[in-house]
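Q: Could you take me through this structure feature by feature, giving the general idea before each case?

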Amino acid sequence: MTAVTDTVGSDKVGKGLARAISDTAVMTKRNLLKYLRIPTLLLFSTIQPVMFVLLFVFVFGGAVQFGGTTNYATFLLPGIFAQTAIFGSTNTGIGLAEDINKGIIERFKSLPMAQSAVLLGRTLSDAVRNTFVVILMTVVGYIVGFRFQGSLGQAVAALLLAVLFGFAFSWISAWIGLTVRDVETAQAAGFIWVFPLTFASSAFVPTETMPSWLQGFADINPVTTAVNTLRALTFGESPTPDLWWMLAWIAGILGVFVPLAVRQYKKAV
């Protein structure tokens, strides 16, 4: 009798998992199709990082000098990868706040679908969009002088880690969007925490050039650990110990904000 019960229980778990995966795939597709139906969304999400690359390379490139064969474009692009992934994550909260205001979340919650599918579908679709934008940044970077100095495996690892970093930050944005429930507020709130983390990091200049009071924060900033990891992989160097700190930050962010976002989703509408 126990064996039969265990088998039935296992079948239910298996079916529930399969349903959750299927529902998540549907929601991910739904969010990606939105970019195809409204191409200006994708256009404007790519213009900003392209402008950052061009402005920083041509405005600061002559002032910031590096020794050896490393030019400013090669130093800068890993920081742009991290910045693009984090800035892109703010779209998660904005999109969820928009869905709440339009009553879409309420309709989703009334459907016989896995409740996790809505949040996972949103964050995964934003990760796919971030992947496209990071690849585009690489192409633009190569035009202005950026070069991967490591192996192909290190280059791929750097791009994937940038996307994973953005995926983790999408859950912070999801929690914000579900908490404030207003598109304009979600957008404003997103940039309030994104800008200090990004600019008070090693993304654009070495932290050694910062004032001592700011350098202490910059060195433990999760963006700095991410940028240092991506930069090491770009230069063909070993990314440790920054890689372990980056992964620890990702795990910590997901461990805290996934449950918070899920709880806010259950309370939404």
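A: Let us begin with burial, where buried means under 20% relative accessible area, exposed means over 50%, and partly exposed covers what lies in between. The model we are reading is a predicted one. With that cut-off, phenylalanine 52 counts as buried because its relative accessibility is 16%, whereas phenylalanine 199, at 34%, counts as partly exposed.

Q: How many aromatic pairs does the structure hold, and how are the rings of phenylalanine 52 and phenylalanine 199 placed relative to each other?

A: In general, two rings pair if their centres lie within 6.5 Å, and planes under 30 degrees apart count as stacked, over 60 as edge-to-face and the rest as tilted. The structure holds 17 aromatic pairs. In the pair of phenylalanine 52 and phenylalanine 199 the ring centres are 6.4 Å apart and the planes stand at 50°, so this pair is tilted. Phenylalanine 52 belongs to helix α2 (residues 39-60) and phenylalanine 199 to helix α7 (residues 183-199), so the pair ties together parts that are 147 residues apart in sequence.

Q: What kind of aromatic pair do phenylalanine 81 and phenylalanine 146 form?

A: Phenylalanine 81 and phenylalanine 146 form an edge-to-face pair, with 6.1 Å from centre to centre and 90° between the planes. This pair, too, links distant parts of the chain, since phenylalanine 81 sits in helix α3 and phenylalanine 146 in the loop between α5 and α6 (152-180), 65 residues apart. Phenylalanine 81 is buried, with a relative accessible area of 0%, and phenylalanine 146 likewise counts as buried, at 0% relative accessibility.

Q: Which residues do ring pairs link into a cluster?

A: The cluster linked by ring pairs consists of Phe52, Phe56, Phe87, Phe191, Phe195, Phe199 and Phe204.

Q: How should I read the packing of α2 and α3, and are these helices roughly parallel or antiparallel to each other?

A: The general idea is that angles under 35 degrees count as roughly parallel and angles over 145 as roughly antiparallel. The axes of α2 and α3 come within 10 Å and cross at roughly 150°, and the two helices are therefore roughly antiparallel to each other. Their crossing is right-handed. On the α2 side the contact is made by Gln48, Pro49, Phe52, Val53, Phe56, Val57 and Phe60, and on the α3 side by Tyr72, Ala73, Leu76, Leu77, Ile80, Gln83, Thr84 and Phe87. These contact residues divide into twelve nonpolar, three polar and no charged.

Q: At what angle do α3 and α5 pack, and how do the residues of their contact divide?

A: Helix α3 (residues 72-101) and helix α5 (residues 116-143) pack at an angle of about 150°, with their axes 9 Å apart, which means that α3 is roughly antiparallel to α5. The crossing of α3 and α5 is right-handed. Among the residues making the contact are Phe81, Ser89 and Asp99 of α3, together with Arg122, Asp126, Arg129 and Asn130 of α5. The contact of α3 with α5 comprises nine nonpolar, ten polar and four charged residues.

Q: How does α3 pack with α6?

A: Here the angle is about 30° and the axes are 7 Å apart, so α3 is roughly parallel to α6. The crossing of α3 and α6 is right-handed. Residues of this contact include Phe81, Ala85 and Ser89 of α3, and Phe165, Gly166, Phe169 and Ser170 of α6. The contact of α3 with α6 divides into twelve nonpolar, nine polar and no charged residues.

Q: Is serine 89 buried or exposed, and with which residues is it in contact?

A: Serine 89 lies in helix α3 and is buried, with a relative accessible area of 0%. Leaving aside neighbours within four places in sequence, serine 89 is in contact with Arg129, Asn130, Gly166, Phe169, Ser170, Ser173 and Trp193.

Q: Where is isoleucine 105 placed, and with which residues is it in contact?

A: Isoleucine 105 is in helix α4 (residues 104-110), and it is buried, with a relative accessible area of 0%. Beyond its neighbours within four places in sequence, isoleucine 105 is in contact with Leu96, Asp99, Ile100, Val118, Tyr265 and Ala268. Isoleucine 105 and glutamate 208 are 103 residues apart in sequence, and in space they are 46 Å apart, C-alpha to C-alpha.

Notes:
Residues are numbered from 1 along each chain as its sequence is written. This is a predicted model: local features need pLDDT of at least 70, side-chain atom pairs count only at pLDDT 80 or more; totals for chains, interfaces and linings use all residues. Side-chain values use heavy atoms; hydrogens and water are left out. Axes are lines fitted to C-alpha atoms, for helices over the stretch in contact, and angles run from 0 to 180 degrees between N-to-C directions. Helices (H or I, at least four residues) and strands (E, at least two) are DSSP runs, numbered from the N terminus. Angles under 35 degrees count as roughly parallel, over 145 as roughly antiparallel, 65 to 115 as roughly perpendicular and the rest as oblique. A crossing is left-handed if the near helix is turned anticlockwise from the far one by less than a right angle, and right-handed if clockwise. Contact means heavy atoms within 4.5 Å. Ala, Val, Leu, Ile, Met, Phe, Trp, Tyr, Cys and Pro count as nonpolar, Asp, Glu, Lys and Arg as charged, and the others, Gly among them, as polar. Rings of Phe, Tyr and Trp (its six-membered ring) pair if their centres lie within 6.5 Å; planes under 30 degrees apart count as stacked, over 60 as edge-to-face and the rest as tilted. Buried means under 20% relative accessible area, exposed over 50%, partly exposed in between (1.4 Å probe, protein chains only).
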